[in-house]
Amino acid sequence: MKSASKKEYIFLSVEFNSGKNKSYYYLTDDDSIEPDDFVIVPAGKDNDETLVYVADKEYFDEYHAPFPIEKLKSVIRKSDKNWLHDENIEEQMRSLFGKYVEVYSDSGKVFRGLLFCVVGPSESESGLTEILVEANSGFLKFSTEEVNWICEIKPTTVLGKLNRKEHYCRVLKRYISEGLCRAIANGDEDTFLLPEDTPKCGIEKAQIICKGCCEGMLM
């Protein structure tokens, strides 16, 4: 299996879940990614995180690249999800009520936020089980037909980055929700928001950082 040399870039040819079979180039530093994998990339003018299929992998130096390197976007991360619809999606939706979740829509876009409401088929507009997710972009509604995957986000890795205030706040807001920032700022450490193994000093520091951010002192 070939790997990139120091002077070569890794080009991934990816396809979106649009049915058009059109491929686009993205760069990556992760040489473990192979064709048939799925990765998350920034897409469109708003750089929405989107799940895509890796159709091909190539290596090029700067002079033989098929597309200007400075104009290419980079892969965010490899994913263990795919475009298939989880057969237990309704059960997953209900079980994650009140949790911070990552939602993979049927279009491939990835959303994150607090799952704060589950509506049954008899009460929903679509006649299907629906969920409401509080995200930074507002309140998002999804039905069982519109979600391929849903999984819980745990802030353990986020709390390990307390050494830099700006980075900590950015990670919380981008990958989870401002609701988590407010909850930590209010000292809500007895809920599911903080992992059980978080040391007390870490909780106290998190509260100080989030409280300052919520009061407009840091951002």
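**Close-up views of a predicted model**

**View 1. Leu12 and its partner across the strands.** Leu12 has Tyr26 of β2 as its bridge partner. Strand β1 covers residues 8–15 and runs antiparallel to β2, with six bridges joining the two.

**View 2. The open sheet around these strands.** Follow the order β2-β1-β4-β3-β5 and you will have traced the five strands of an open, antiparallel sheet. At its edges stand β2 (23–28) and β5, and because each has a single partner strand, one side of each is left without a neighbour in the sheet. On average, neighbouring strands of this sheet are turned by 50° against each other, direction ignored.

**View 3. Ser79 in strand β5.** Strand β5 spans residues 77–79, and Ser79 belongs to it. Ser79 counts as buried because its relative accessibility is 11%, under the 20% cut-off. A polar atom of the Ser79 side chain lies 3.0 Å from the backbone nitrogen of Lys81. Leaving aside residues up to four places away in sequence, Ser79 touches Phe38, Val39, Ile40, Leu51 and Tyr104.

**View 4. The largest nonpolar core.** This core has 13 residues, and Val103 and Phe142 are among those that touch the most other members. Two or more residues come from each of α1 (89–95), β6 (100–105), β8 (130–135), β9 (138–143) and β10 (147–152). The most come from β8, which gives three. Beyond residues up to four places away in sequence, Val103 has contacts that include Val110, Phe111, Val133 and Trp149. Another core lies apart from this one, with 12 residues, among them Ile10, Leu12, Val39 and Tyr59.

Notes. Residues are numbered from 1 along each chain as its sequence is written. This is a predicted model: local features need pLDDT of at least 70, side-chain atom pairs count only at pLDDT 80 or more; totals for chains, interfaces and linings use all residues. Side-chain values use heavy atoms; hydrogens and water are left out. Helices (H or I, at least four residues) and strands (E, at least two) are DSSP runs, numbered from the N terminus. Buried means under 20% relative accessible area, exposed over 50%, partly exposed in between (1.4 Å probe, protein chains only). A polar contact is a pair of N or O atoms within 3.5 Å; within protein, one must be able to donate a hydrogen and the other to accept it, and residues adjacent in sequence count only if both atoms are side-chain atoms. Contact means heavy atoms within 4.5 Å. Two strands pair if DSSP finds at least two bridges between them. Axes are lines fitted to C-alpha atoms, for helices over the stretch in contact, and angles run from 0 to 180 degrees between N-to-C directions. A nonpolar core is a set of buried Ala, Val, Leu, Ile, Met, Phe, Trp, Tyr and Cys residues joined through side-chain atoms within 4.5 Å.
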